[in-house]
Amino acid sequence: MKDLIKQILLQVGEDPSREGLQNTPERVEKSLKFLTSGYAVNIDELVNEALFQEDYDEMVIVKEIDLFSMCEHHMLPFIGKCHVAYLPKGKIIGLSKIPRIIDAFSRRLQVQERLTKQIADSLNKILRPIGVGVVIEALHLCMCMRGVAKQNSYTTTSSMLGSFKSDARTRSEFLTLIPPQGTRR
């Protein structure tokens, strides 16, 4: 990968041997391997045994989870917040596993729509809950830095499964409990 990165530097008109760029190929390789490390994550192993039998049937929400991913179209970052809710059906998950699942899918080349659905589908498969809701709000640097060049334009996607899709009251409760973009502290 380092040789390819040197070639990219040459192609954009840079000198890979100049002082500031001498170690750039190694740094970029390390960075890309980290940013795409989600391909190697097995979600079942990640969850491990952090599932617990619990007679709790009210909404569980983990909100404002920082999210960083890479747009598969331009390989530029998109960053934002992910909000996750589920209605348990006899089983709950260790709370730290939810951000870990988000990271596993985020650390791949992505589109926000697919990422949102993958997180919801994964939690639905693991928990078999009454319902799952996932909302992602993200700023795409491919929209800010190039092309249309519109800063501060957030994209919001959602995936609602089970009661979050079929019951307007459940969906409304979830959406009311997560802060709209721009109103965060």
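The structure is a predicted model, in which local features need pLDDT of at least 70, side-chain atom pairs count only at pLDDT 80 or more, and totals for chains, interfaces and linings use all residues. Residues are numbered from 1 along each chain as its sequence is written, and side-chain values use heavy atoms, with hydrogens and water left out.

The protein has eight helices and seven strands. Helices (H or I, at least four residues) and strands (E, at least two) are DSSP runs, numbered from the N terminus. Along its principal axes, the C-alpha trace spans about 65 × 35 × 25 Å. The accessible surface comes to about 10800 Å². Carbon and sulfur atoms hold 53% of that surface. Accessible areas were computed by the Shrake-Rupley method with a 1.4 Å probe; for residues, only the protein chains shown count as cover. Of the 185 residues, 41% count as buried. Buried means under 20% relative accessible area, exposed means over 50%, and partly exposed lies in between (1.4 Å probe, protein chains only). Contacts (heavy atoms within 4.5 Å) were also counted by their separation in sequence. Among contacts with a separation of 6 or more, 69% join residues 24 or more positions apart.

Helix H4 (residues 97-106) is largely enclosed by the rest of the structure, because seven of its ten residues are buried. These are Lys-97, Ile-98, Ile-101, Ile-102, Ala-104, Phe-105 and Ser-106. Leu-67 lies in strand E2. Its relative accessible area is 0%, so Leu-67 counts as buried. Leu-67 and Cys-82 are 15 residues apart in sequence, yet their C-alpha atoms are 6.4 Å apart in space.

Side chains of opposite charge can pair when their charged atoms come close. A salt bridge is a side-chain nitrogen of Lys or Arg within 4 Å of a carboxyl oxygen of Asp or Glu. By this rule the protein has eight salt bridges. Asp-66 forms one of them with Lys-81, with the closest N and O atoms 2.4 Å apart. This pair links distant parts of the chain: Asp-66 is in strand E2 and Lys-81 in strand E3 (residues 77-87), 15 residues apart. Asp-66 is partly exposed, at 43% relative accessible area.

A second bridge joins Glu-29 and Lys-2, with 3.9 Å between the closest N and O atoms. Glu-29 lies in helix H2 (residues 24-35) and Lys-2 in helix H1 (residues 2-11), so this bridge ties together parts that are 27 residues apart in sequence. Glu-29 is buried at 14% relative accessibility, whereas Lys-2 is partly exposed at 34%.

Another salt bridge lies within a single helix. Lys-117 and Asp-121 meet at 2.8 Å, N to O. Both lie in helix H5 (residues 112-127), four residues apart, about one turn of the helix. Lys-117 is partly exposed at 45%, and Asp-121 is partly exposed at 31%. Elsewhere, salt bridges that share partners join Lys-2, Glu-29 and Lys-33 into one network.

Charge was also examined across the whole protein. Lys and Arg count as positive and Asp and Glu as negative; His and the chain ends are not counted. Each charge is placed at NZ of Lys, CZ of Arg, CG of Asp or CD of Glu. The mean positions of the 25 positive and 22 negative charges are 2 Å apart. On the surface, Glu-54, Asp-55, Asp-57, Glu-58 and Glu-173 gather in a patch of negative charge. Patches are made of residues with over 30% relative accessible area and no salt bridge; like charges are joined within 9 Å, and nonpolar side chains (Val, Leu, Ile, Met, Phe, Trp, Tyr) within 5 Å. Glu-58 sits in the loop between strand E1 (51-53) and strand E2 (60-71). Glu-58 is partly exposed, at 46%.

Two backbone angles complete the account. Most residues other than glycine have a negative phi. Asn-48, which is not a glycine, has a positive phi of about 55 degrees. Asn-48 is in the loop between helix H3 (43-47) and E1, and is exposed at 56% relative accessibility. Glu-64 also has a positive phi, near 55 degrees. Glu-64 is found in strand E2 and is partly exposed at 22%.
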